[in-house]
Amino acid sequence: MAKTFEAIDAKLRAFIEKQKMFFVASAPLSPDGHINLSPKGLANTFAILDESTVAYLDLTGSGVETIAHLRENGRVCIMFCAFEGPPRIVRVHGTGEAIEPGHQEFDGLYAQ
């Protein structure tokens, strides 16, 4: 049975930070639009900023569908799954925004 957590605690953080790969999913509001699911996983491109905020640096963009979806509705899901050790899947559901180079918050986030 799945568990739902209100925040990223120390145990979830340890699991997430150990993973070498994650997946980002988004979808448009229109039923005719494409759902986007992209693998990510370059070293040091994912950060947990606090118990309810995460960020990733998208160096391998795939046609910017995720950015378009975020601008339209903000919905996003990031999934981590264990490829080693006991089976485990963690999904982080929430809202997001694309912070691109030149945005006033980019340099501060990039440093983290």
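1. In this predicted model, four strands form an open sheet in the order β2-β1-β5-β6, and their pairing is antiparallel. The edge positions are taken by β2 (36-40) and β6, each of which has a single partner strand, so one side of each is left without a neighbour in the sheet. Averaged over the sheet and with direction ignored, neighbouring strands are turned by 20 degrees against each other.

2. Within the sheet, the antiparallel strands β1 and β5 are joined by 3 bridges, and A25 has C77 as its bridge partner in β5.

3. Two helices lie across these strands: α1 lies across β5 and β6 and runs at about 100 degrees to β6, while α2 lies across β1, β2 and β5 and runs at about 50 degrees to β1.

4. The largest nonpolar core has 14 residues, of which F15, I16, I78 and F80 touch the most other members. Two or more residues of this core come from each of α1 (10-18), β1 (22-26), β5 (75-81) and β6 (89-95). Apart from its neighbours within four places in sequence, F80 is in contact with a list of residues including F15, I16, F22, F46, I89, V90 and V92, and R88 and Q19 are also among its contacts.

5. T66 deserves a separate comment, being a residue of helix α2 (residues 65-72). T66 counts as buried because its relative accessible area is 9%, against a cut-off of under 20%. Its side chain makes a polar contact of 2.7 Å with the side chain of N36, and, leaving aside neighbours within four places in sequence, T66 is in contact with V24, S26, N36 and Y56.

Note on methods. Residues are numbered from 1 along each chain as its sequence is written. This is a predicted model: local features need pLDDT of at least 70, side-chain atom pairs count only at pLDDT 80 or more; totals for chains, interfaces and linings use all residues. Side-chain values use heavy atoms; hydrogens and water are left out. Buried means under 20% relative accessible area, exposed over 50%, partly exposed in between (1.4 Å probe, protein chains only). A polar contact is a pair of N or O atoms within 3.5 Å; within protein, one must be able to donate a hydrogen and the other to accept it, and residues adjacent in sequence count only if both atoms are side-chain atoms. Contact means heavy atoms within 4.5 Å. A nonpolar core is a set of buried Ala, Val, Leu, Ile, Met, Phe, Trp, Tyr and Cys residues joined through side-chain atoms within 4.5 Å. Two strands pair if DSSP finds at least two bridges between them. Axes are lines fitted to C-alpha atoms, for helices over the stretch in contact, and angles run from 0 to 180 degrees between N-to-C directions.
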